[in-house]
Amino acid sequence: MTRAEFDALCAAQPGATRSGPGELDSWKVGGKMFACWGDYEHRDTNTATVVVATPDRETAEMLVEAGAAHKPPYFRGAWVGLTLEGLDPDEARHRIAASYGRVRAGLTKKAQSDLPPLEES
């Protein structure tokens, strides 16, 4: 999987926005990050790994133990790092949806109501 393919999956999430200059190189919903590449200054070279949230710490630990993800530096709890090389597109789609869903659900009701509706799957 390429960075462009991963970014396209992130962009497809309702209300998703890409970070701007001076921020971490990331994707956000309601101003909260759901996928992170690293620092903005290296946006052109941040292409190998991305960090996403999982539903809970147990899921993150299971993914790390299974070798499907790694523990990223600077992130704790339910966040995991994914290596793009060899990442299955369906797995990427699932991880993005789970991360986006967790972050969106944590927004205030007002912030959630300001977003486009979730599509039924």
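## Ground rules

Residues are numbered from 1 along each chain as its sequence is written. In this predicted model, local features need pLDDT of at least 70 and side-chain atom pairs need 80 or more, while totals for chains, interfaces and linings use all residues, and side-chain values use heavy atoms, with hydrogens and water left out.

## Helix α3

Let's start with α3, residues 89–105. Helices here are DSSP runs of H or I with at least four residues, strands are runs of E with at least two, and both are numbered from the N terminus.

Buried residues (under 20% relative accessible area, 1.4 Å probe, protein chains only) in α3 include Ala92, Ile96, Tyr100 and Val103.

## Gln13

Gln13 sits in the loop between α1 (3–11) and β1 (16–18). Its relative accessibility is 17%, so Gln13 counts as buried. Beyond neighbours within four places in sequence, Gln13 is in contact (heavy atoms within 4.5 Å) with Phe34, Ile96, Ala97 and Tyr100. Two of these names, Ile96 and Tyr100, are also among the buried residues of α3.

Conventions: Expected span 1.5 Å × (residues − 1). Buried < 20%, exposed > 50% of the residue type's maximum accessible area, 1.4 Å probe, protein only.
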